[in-house]
Amino acid sequence: MVTPSPQPPTEPTATHGHTGHDGHEHDGHEHGSPGQSAGHAPEQSGGHSNGHANGHSNGPSDGHPGGHASAGHAHSHSHSHGPAAPVSKHLRKVIAAVLIPFAAAVFIGMAVLWPGGAPDHERSGVGFDRQTQQGVVTTLEQVDCKSVNAAQVPTTAAPSTPSGRQAQAEQTGECKKATVEVTSGPDKGRTFVEIVQPGAPRQLEDGQEVVVAYAPDAPRDLQYSVIDVNRKLPMALLAGIFAVAVVVVGRMRGLFALIALVVSFGVLTLFILPAILQGSNPLVVAVIGASAIMLIALYMCHGLTARTSVAVLGTLVSLLLIGLLGSGFIDWAFLSGNTDDNTGLIHGLYPDIDMSGLLLAGVIIGSLGVLDDVTVTQTSAVWELRQADPSMGPRALYRAAIRIGRDHIASVVNTLVLAYAGAALPLLLLFSIANSSMGSVANSELVAEEIVRTLVGSIGLVASVPVTTALAALVVSADRPGSPAGVPATGPVRGRGRRRKR
């Protein structure tokens, strides 16, 4: 059996060689009869490695019976970008036997539950459930607040209270009278007046683009009102800067990551959200949608390789653990998922939606992104350790890689906690103003939801490190030197091609 070497031989060989225009040494060309066999080294994950071993063999060669080997001629090109040890054909079949049925079940589930769009409903005119159009401020003038009756001192508000002092200040202050033109919709070109009080959190400027709400049942003069400013340009510019930075630094990997990001948002907006609104079980929809995102994103960004497949398996096991823990503790803590105006509006418009199931779906989807990072990193660490020392067994690989994982756990858990704390910062500030104790704060449903979300996700992340590391160590160690998909475990072959004894 001829074992192809990934490096040029170090001893002189009887070959006819030349150096090509690409700067690579081309050692040997095919000589002989049709009985000769050519062994092709597989392309390795993370780079290109195209090796050809041409020779004469007295016995069957790997995958090519009937060859003859006496004078080995090596002809190799190597363009490596972080090569990874491949696994044998048998192991690839085992991994495929697990993942192919899982992927088929995921996409069949998507086809069965595909909603075909969000269901129609009658607009309530509350919160986000309003008809909106675009507008622009055409003129802006200063007026006395009294003249437009914009401020009144509440009869129940004493001047010593904050609301009373603010109302008195508004009576003596100046307001802004903005003329706004509607620039979209059936009433395009129509104008209306908006009064902006001096203490309002949102101030308007001349020429500013705004978002206006339309209330068809209100009197004509009150049908339109400004509800927000138009931020499309700065948001689009920021997204463009992000995309350019990812592509410049990540190159093709970065481009595929952006494509995977678009696909992930597509699955979220075209499948997960409409399916939940149509009454499908939020947990089932979230599991199927998150699995589809995981499969598409990981394989698109990291390639269709055994290494990526191990990361997928580790992520899947961790997601199952998060789902089980989240379901148990959400029920045990009696978390309803209906804790603010937005969730209350959703429940009012779609009373059949299981709000606690929606909370659990959010936990699963929110944990997926960080899980991908952890499992891919751990799998890559095991593969690189195996490449650095092919003699390492599964236990040694696991012990070495788990040390890397411990550092990753510490940083990722801290990241999750800070991310959720940052999102809930205004709420935490309100509790701080009220001088509430930590026990009272943690017991409130608003904060308890975030605690359960953080801790369940963190447990899944912590568990993903040993699970993925163990899977990767077992898979990469199960390969045998000289297998069709393997690489030599003892380094390059010196001299002529020769038979390796097992």
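**Close-up views of a predicted model**

**Figure 1. Helices α4 and α5 run roughly antiparallel to each other.** The model shown here and in the other views is predicted. The axes of α4 (residues 282-302) and α5 cross at roughly 155 degrees, and angles over 145 degrees count as roughly antiparallel. The two axes come within 10 Å. The crossing of α4 past α5 is right-handed. On the α4 side, the residues that meet α5 are Met294, Leu295, Leu298, Tyr299 and His302. Their counterparts in α5 are Thr308, Ser309, Ala311, Val312, Thr315, Leu316 and Leu319.

**Figure 2. Helix α1 packs against helix α4.** The angle between α1 and α4 is about 125 degrees, and their axes are 9 Å apart. At this angle α1 is oblique to α4. The crossing of the two helices is left-handed. From α1, the contact is made by Leu99, Phe102, Ala103, Val106, Phe107, Gly109, Met110 and Leu113. From α4, Val284, Val285, Ile288, Ser291, Ala292, Met294, Leu295, Ile296 and Tyr299 take part.

**Figure 3. Helix α1 crosses helix α5 at roughly 55 degrees.** Helix α1 spans residues 89-113 and helix α5 residues 306-332, and their axes come within 11 Å. The angle makes α1 oblique to α5. This crossing is left-handed. Ile95, Val98, Leu99 and Phe102 of α1 form one side of the contact, and Ala306, Ser309, Val312, Leu313 and Leu316 of α5 form the other.

**Figure 4. A disulfide joins cysteine 145 and cysteine 175.** The structure holds one disulfide. The sulfur atoms of cysteine 145 and cysteine 175 are 2.0 Å apart. The link is right-handed, with 105 degrees about the S-S bond. The pair links distant parts of the chain, 30 residues apart. Cysteine 145 sits in the loop between β6 (131-144) and α2 (162-172), while cysteine 175 belongs to strand β7 (residues 174-182). Cysteine 145 has a relative accessible area of 1% and is therefore buried. Cysteine 175 is buried as well, at 0%. Cysteine 301 also counts as buried, because its relative accessible area is 16% and the cut-off for buried is under 20%.

**Figure 5. Leucine 359 lies in helix α7 (residues 355-388).** The residue is buried, with a relative accessible area of 8%. Leaving aside residues up to four places away in sequence, leucine 359 touches Ile330, Leu335, Gly337, Glu449 and Arg453. Leucine 359 and proline 282 are 77 residues apart in sequence, and their C-alpha atoms are 8.6 Å apart in space.

**Figure 6. Arginine 251 and phenylalanine 334 have positive phi angles.** Arginine 251 is not a glycine, yet its phi is positive, at about 55 degrees. The residue is placed in helix α3 (residues 232-277). With 64% relative accessibility, arginine 251 counts as exposed. Phenylalanine 334 likewise is not a glycine and has a positive phi of about 55 degrees. Phenylalanine 334 is found in the loop between α5 and α6 (341-349). Its relative accessible area is 71%, so phenylalanine 334 is exposed.

Figure 7. Of its 502 residues, 36% are buried. Among contacts with a separation of 6 or more, 68% are between residues 24 or more positions apart. The accessible surface of the chain comes to about 27800 Å². Carbon and sulfur atoms account for 62% of that surface.

Definitions and conventions: Residues are numbered from 1 along each chain as its sequence is written. This is a predicted model: local features need pLDDT of at least 70, side-chain atom pairs count only at pLDDT 80 or more; totals for chains, interfaces and linings use all residues. Side-chain values use heavy atoms; hydrogens and water are left out. A disulfide is a pair of cysteine sulfur atoms within 2.5 Å. Helices (H or I, at least four residues) and strands (E, at least two) are DSSP runs, numbered from the N terminus. Buried means under 20% relative accessible area, exposed over 50%, partly exposed in between (1.4 Å probe, protein chains only). Contact means heavy atoms within 4.5 Å. Accessible areas come from the Shrake-Rupley method with a 1.4 Å probe; for residues, only the protein chains shown count as cover. Axes are lines fitted to C-alpha atoms, for helices over the stretch in contact, and angles run from 0 to 180 degrees between N-to-C directions. Angles under 35 degrees count as roughly parallel, over 145 as roughly antiparallel, 65 to 115 as roughly perpendicular and the rest as oblique. A crossing is left-handed if the near helix is turned anticlockwise from the far one by less than a right angle, and right-handed if clockwise.
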